[in-house]
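Okay, thanks for coming, everyone. Today I'd like to talk through the charged pairs in this one, so let me get it up on the screen.

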Amino acid sequence: MFQTKFQEPLISVYYSIGSRPLENWAVHQFKEGEMQHVQDDLLKSNVLQLQSPNVNSCYMTCPMNLKSSLSVRLPFVTLLVKNLERFFTFEIMILDNENIRRRVRVSNYHTMKKLSTFMVTMPFCMNEGWNQLNLNLAAITSDSFKTTYVETVRVQVHANCRLRRIYFSDQQYKDDQLPNSYKLHGSKDVREKPKSLLRKNSAVVDKYSAGDKL
């Protein structure tokens, strides 16, 4: 999608406000899943809510065409999400310098890092309410696969959460460096799971950086 475009320091791939926020997304919603735009009491604006007893029954992917690629070269990805105190997971597919597509899956229901040739699963936990989750994809690629991050191919977000925005950036920006629409006023940052819940080889998820099949 962005392969032939000049890439600004900030690239937004989802924003809940607008006439067609899901324009570039494929929605997968089965019988027990529910996806709808709702008014959030804290933010006082529309956000996308994904809910389901099974995280596989409600999810969204970008780009829509499985054969297409986002081709976003920026190494940081940020999700502005609300904790619904239920199972939640999302996945980023990346391309590395060996021309291999690998998957970074992050969830709040795993307790240890799991690594295979093509996928790393990382645990994390969120505070109550709205959270900002930043992932350094270049660092994750290097640490997990010992290769170099080239670009992001696909983003996939599953239930259960409320979603405000997903954007990529060339660096980790402080709050006062971002446009107002990229901020979560009054939100709390993601914190790593207590070490007592993680085994020795668990992933380290700091409050700014952060899929094993479901």
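Let's start with Arg-102. Its relative accessible area comes out at 5%, so it's buried. Keep in mind that this is a predicted model.

So which residues does Arg-102 pair with? One of them is Asp-96: that's a salt bridge, with the closest N and O atoms 2.5 Å apart. Asp-96 is buried too, at a relative accessible area of 2%. Then there's Glu-98, whose side chain meets Arg-102 in a salt bridge at 3.2 Å, N to O.

Okay, next spot. Lys-82 makes a salt bridge with Asp-40, and here the closest N and O atoms are 3.0 Å apart. This pair ties together distant parts of the chain: Lys-82 sits in strand 6, residues 76-83, while Asp-40 sits in strand 3, residues 34-40, and the two are 42 residues apart.

And is Asp-40 buried or exposed? Buried: its relative accessible area is 0%, and under 20% is what we call buried, so it falls in that class.

Okay, over to you for questions.

Note on methods: Residues numbered from 1 in each chain as written. Predicted model: local features only at pLDDT ≥ 70, side-chain atom pairs only at ≥ 80, totals over all residues. Heavy atoms only, no water. Salt bridge = Lys/Arg side-chain N within 4 Å of Asp/Glu carboxyl O. Helix = DSSP H or I, 4+ residues; strand = E, 2+ residues; numbered from the N terminus. Buried < 20%, exposed > 50% of the residue type's maximum accessible area, 1.4 Å probe, protein only.
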